[in-house]
Amino acid sequence: MEWQNFRRSDNVEDRRGDDNAGDLSGGGLSLPGGLGAGHLSLGAIIILGLIGWALGIDPRVLIGGAEMVQNASHGLQQGGQVSPAQPTQQASTETGVPKDQIGQFVAAILAQTEDVWSQVLPAQKGIQYVPPKLVLYSGATRSGCGGASASMGPFYCPEDQKVYLDTSFFRDMQTKYGGGGDFAYAYVIAHEIGHHVQDQLGILSKVNRAEQNAGDRAQANALSVRIELMADCLAGVWANNAQAKYHILDQGDVEKAVATAQAIGDDRLQKAARGYAVPDSFTHGSAAQRVQWLETGLKSGQIDSCNTFAR
């Protein structure tokens, strides 16, 4: 895949150097014993710890209260308003184009999705495309949908309209799923961007409500499968239009993406894990379904071809 000459997107939040990302409690630094230190100095933490020990009070309560007072005071000094406690923004988060190769790759693919969807979505659906942010992290971080961890794989959060990606998933694609290759990695990113397109089309919220009102788990899973297969198809729509305008694909790229779609089918993953598959428990679709819908988008380049709910 020819990605080196792509422009790079600035819509990347790089949290991979964030030592605090593993604390999913909603804010503060992660210290031994789980004490949330916020922006307090080490001396203040020690003093509050001793006071808590002497009075029989959990030091975390004192430290948390001191942090809230300090943050509120700082906000008033800056002429701002005090608002309910929110997850703290990690000091080490960098917004913009990462400097390492994998970060450059992700920013390049994200830029390609922006360039394509900013044309395709208005042309085909009359809707202006608003690009999402993509968060790179290592191990764990926080999202608008709750805690995120590498074990969850890449995902899109509609609450904050961000894609979350631990790039170790790319390594897992090679070692666990038998996939790999630049376009296969791009397909994974494009799939999550497909969920953002669904969000902008109003489809994602409707399906989420339908899942919540489903009569049983099997019905909810069936809806999940359809939304995931549509995202596969939308990834194909992106690739079709990117190829038509920017000639991004090399020989063998599509085959690698298809191999990845096969490898991460629910039936393949379940059989590898326990020796058999349970279709009612599928949430993303079988290998054959994922390949079918990726290829549908690749061939058509049309959003309307991705209506997995009509079939």
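A disulfide is a pair of cysteine sulfur atoms within 2.5 Å. The whole structure holds two of them. This is a predicted model, where local features need pLDDT of at least 70, side-chain atom pairs count only at pLDDT 80 or more, and totals for chains, interfaces and linings use all residues. Residues are numbered from 1 along each chain as its sequence is written, and side-chain values use heavy atoms, with hydrogens and water left out.

**Cys145–Cys157**
- Cys145 is joined to Cys157, S to S 2.1 Å.
- The link of Cys145 and Cys157 is right-handed, with 95° about the S-S bond.
- Cys145 sits in the loop between strand 4 (140–143) and strand 5 (146–149), and Cys157 in strand 6 (residues 155–157). Strands (E, at least two residues) and helices (H or I, at least four) are DSSP runs, numbered from the N terminus.
- Cys145 is partly exposed at 43% relative accessibility, whereas Cys157 is buried at 0%. Buried means under 20% relative accessible area, exposed over 50%, and partly exposed in between (1.4 Å probe, protein chains only).

**Cys233–Cys306**
- Cys233 is joined to Cys306, S to S 2.1 Å.
- This link of Cys233 and Cys306 is left-handed, with -75° about the S-S bond.
- Cys233 lies in helix 7 (residues 217–246) and Cys306 in the segment after helix 10, so the pair ties together parts 73 residues apart in sequence.
- Both Cys233 and Cys306 are buried.

**Arg290**
- Arg290 belongs to helix 10 (residues 287–300).
- Arg290 is buried, at 4% relative accessible area.
- Arg290 and Cys233 are 8.3 Å apart in space, C-alpha to C-alpha, and 57 residues apart in sequence.
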